[in-house]
Amino acid sequence: MYNTLSIPLISFPGIYPEKKEPRSEWIDRVAASIGGAFASWIRPRATKFSWIVDLVNQHRDYVKGLSDREIFLMARSLGERLRREGYKRDLISLVFALVREVSKRTISMPHFDVQLIGGLVLLNGMIAEMETGEGKTLVATLPASVAALSGVPVHIITVNDYLAERDANWMGPVYRSLGLTVGVIKHGMSIEEKRAAYRCNITYCTNKEVTFDYLRDRIILWDRPSEVRLQLERLYDDKSRVNRLIMRGLHYGIVDEADSVLIDEARTPLIISAEGNSFDEESIFRQAIDIAKRLSPKIDFTVSPSERSLELTEKGKMRIKEMTFFSGRVSLNAKQREEVVRQALVALYLFFRDKHYLVKDGKVQIIDEYTGRLMPDRSWERGLHQLIEIKEGCEMTRQKETQARISYQRFFRRYLHLAGMTGTAREVAGELWSIYRLRVVTIPTNRPLKRYYLADKIYSKADQRWKAVVERISEMNRLGRPVLIGTRSVAASEHLSELLNQVQLPHRVLNARQDKEEAEIIALAGQKGMITVATNMAGRGTDIRLGDGVAQLGGLHVIATERHEARRIDRQLFGRCGRQGDSGTCEAIVSLEDELIESYVRKPLKLLARLALKDQHSLIGQWVGRFLFWVAQKRSERLYSKMRYQLLKLDEQLSDALAFSGRPE
């Protein structure tokens with residue numbers, strides 16, 4: 001039984017505490033792989049943590065009789081006892097009881113019993129998998145309060161500025177009733193504002209901001225000085241490195257949407273860069289694009305959409321060698337010329353407008369493929385961003401030089417204590433264990449789930465699929481039910497919008513072009529007769545509340561117009577309906593021309609499926625189609641998992657090389 005914390009939370013000493021990253025030899029990797037396989041199949045049960053419910057409920061009447069001032073004083077006393085005695089069951093349960101009571105008084109949201117279990121799971125350094133609408137934001141107040149009262153700085157990490165600020169403001173009254181301070185980190189804040197926010201007991205921040213702030217601190221502490229040296233510097237210099245640091249170290253991190261942050265976004269390293277000093281780079285990139293347009297697919301280069309990779313053939317290398325390539329003051333050798341042309345081909349054949357990026361205000365802005373949101377502060381590396389700008393006729397920005405970099409895997413493994421919560425983790429339980437040593441615990445719902453999954457409808461052609469989607473929306477609209485339709489790209493959402501306009505169905509569109517209207521659109525998406533077409537922006541961190549009488553009509557109906565590379569992302573979209581015991585239905589209406597099938601299924605299997613689907617109502621045809629999508633998603637998940645492991649390995653190698661050369665990270 002999990003009667004005490006598996007990793008005791010204490011006030012960690014030192015100027016900048018963080019966990020020393022393990023160096024993994026081959027035997028460690030094998031052991032982690034075996035452990036991950038077991039973690040996928042054998043997960044701790046929520047019943048092992050249910051003892052917290054009885055203990056907290058025993059304190060209910062006593063805590064209810066306390067005044068606000070008495071609760072404040074008791075919280076301070078409990079903090080002292082936690083620091084002195086450690087994380088004992090009776091102390092944890094009493095703090096949980098106080099948090100539940102002040103939550104009821106300040107924001108009218110007392111914790112359910114299952115939320116108490118979720119809070120204990122987080123306190124034990126695990127992943128709490130909770131269904132959409134089960135109140136993960138409120139759950140985080142329980143472990144955060146216990147840790148903060150005991151003197152441990154807490155970072156509650158979420159996926160965007162909107163959610164970080166919303167959650168900090170929403171939960172702030174709970175923390176302040178216990179005498180705790182709350183800060184929030186947003187993009188664009190000054191260093192002084194960030195420093196003040198990180199010095200609060202509890203800090204809400206995004207995964208990108210906290211990682212970049214850590215890298216800025218690592219640049220300051222580039223030579224990894226000892227504690228004694230830093231203390232001496234502080235004694236003799238008001239502008240010492242200690243006083244220039246932004247954060248206080250990596251103590252306790254609670255990651256919201258943990259699978260998105262720790263798994264999906266782990267494919268991309270975080271890089272701090274500065275303006276480079278390259279001469280003639282615009283001329284070089286323009287020539288590279290021009291040469292790339294003259295090369296022929298399959299003859300001069302091969303493209304693998306599933307692996308997002310492109311390689312030059314020997315014939316292609318010879319053609320590049322023969323073409324005129326003026327490099328001005330910069331001398332490029334044959335290998336460098338091949339690489340810049342290969343990057344130009346990647347820009348032309350693997351990155352597409354309104355899918356991977358938008359052109360907005362004359363600038364190329366990256367679209368986060370998992371959330372559908374714009375990332376205006378991010379850019380692709382190795383000249384790719386500049387090549388795409390030239391491809392789109394935009395003004396070219398200067399290429400950046402890397403100052404520091406780190407992957408999410410390596411960053412989050414440096415937290416002394418790490419936990420997470422999400423609605424979708426079981427599919428990646430093995431990877432969460434093997435990389436981060438995090439176990440997944442599925443928390444039961446507070447009320448019985450009333451979400452009904454309808455059978456997938458599979459069509460041979462994309463046009464057939466869109467026709468079926470419009471018919472289904474019309475059918476639901478006649479019943480008065482709100483409908484949320486998920487698309488995978490901006491272009492797809494706008495195409496469906498045009499089709500709905502043709503049949504005069506009023507609707508709202510939510511994609512990267514309307515990101516500022518997100519809260520307003522989502523607030524209305526559950527109203528009677530509402531039709532909302534959305535990219536993945538409606539998949540995470542948003543709650544769609546049903547309007548009056550909608551539950552009696554059957555609740556929200558969700559349609560996925562494509563399957564995603566990961567089953568988890570499909571579940572996130574479907575999780576918009578049927579929250580907190582509400583009724584709701586969901587289904588996928590897809591086609592064999594979808595990107596997932598095109599990228600991950602071989603031609604013979606696709607041909608077989610098309611033959612089977614000649615009769616659209618054939619049960620065998622539908623079964624074959626569903627099997628193909630299952631195969632495609634499994635292949636995609638394996639490929640991306642392999643890519644994340646390779647990135648981690650590469651990042652470790654780069655770290656070793658930079659450490660040897662005396663540079664940070």
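Me: Two strands pair if DSSP finds at least two bridges between them. How many bridges join β2 to strand β4?

Reply: The model is predicted, with residues numbered from 1 along each chain as its sequence is written; local features need pLDDT of at least 70, side-chain atom pairs count only at pLDDT 80 or more, and totals for chains, interfaces and linings use all residues. Side-chain values use heavy atoms, with hydrogens and water left out. Strands are DSSP runs of E with at least two residues, helices are runs of H or I with at least four, and both are numbered from the N terminus. Strands β2 and β4 (residues 202-206) run parallel, and the number of bridges joining them is five.

Me: In β5, which residue is the bridge partner of isoleucine 156?

Reply: Strand β2 is also joined to β5 (residues 252-256), by four bridges, and these two strands run parallel. Towards β4, histidine 155 has threonine 203 as its bridge partner. In β5, the partner of isoleucine 156 is isoleucine 254.

Me: How many of the five residues of strand β2 are buried?

Reply: Buried means under 20% relative accessible area, exposed means over 50%, and partly exposed lies in between (1.4 Å probe, protein chains only). In a regular strand the side chains alternate between the two faces of the sheet. In β2, Val154, Ile156 and Thr158 point one way while His155 and Ile157 point the other way, and all are buried. Strand β2 (residues 154-158) is therefore largely enclosed by the rest of the structure, its count of buried residues being five of the five.

Me: In the open sheet of three strands, which strands stand at the edges?

Reply: This sheet has the order β9-β10-β11, with antiparallel pairing. One side of each edge strand is left without a neighbour in the sheet, because each has a single partner strand; the edge strands are β9 (357-360) and β11 (374-375).

Me: How many residues of α5 are buried?

Reply: Helix α5 (residues 89-107) reaches 26 Å from its first C-alpha to its last. That is close to the expected 27 Å, where the expected span is 1.5 Å times one less than the number of residues. The helix is mostly covered, and its buried residues number 14 of 19.

Me: Which residue forms a salt bridge with arginine 218?

Reply: A salt bridge is a side-chain nitrogen of Lys or Arg within 4 Å of a carboxyl oxygen of Asp or Glu, and the whole structure has 38 of them. In this pair the closest N and O atoms are 2.9 Å apart. Arginine 218 is buried at 5% relative accessibility, and its partner is glutamate 18.

Me: How far apart are the closest N and O atoms of glutamate 85 and arginine 81?

Reply: Both residues belong to helix α4 (residues 68-85), four residues apart, which means about one helical turn separates them. They also belong to a network of salt bridges that links Arg81, Arg84, Glu85 and Lys88. Glutamate 85 is partly exposed at 30% relative accessibility, and so is arginine 81, at 28%. The closest N and O atoms of the pair are apart by 3.1 Å.

Me: Is aspartate 354 buried or exposed?

Reply: Aspartate 354 sits in the loop between α17 (334-349) and β9. Its phi is positive, near 70 degrees. Most residues other than glycine have a negative phi. With a relative accessibility of 16%, aspartate 354 counts as buried.

Me: With which side chain does the side chain of glutamate 392 make a polar contact?

Reply: A polar contact is a pair of N or O atoms within 3.5 Å; within protein, one must be able to donate a hydrogen and the other to accept it, and residues adjacent in sequence count only if both atoms are side-chain atoms. Glutamate 392 is found in the loop between α18 (384-391) and β12 (400-406). The pair is at 2.4 Å, and the partner is tyrosine 357.
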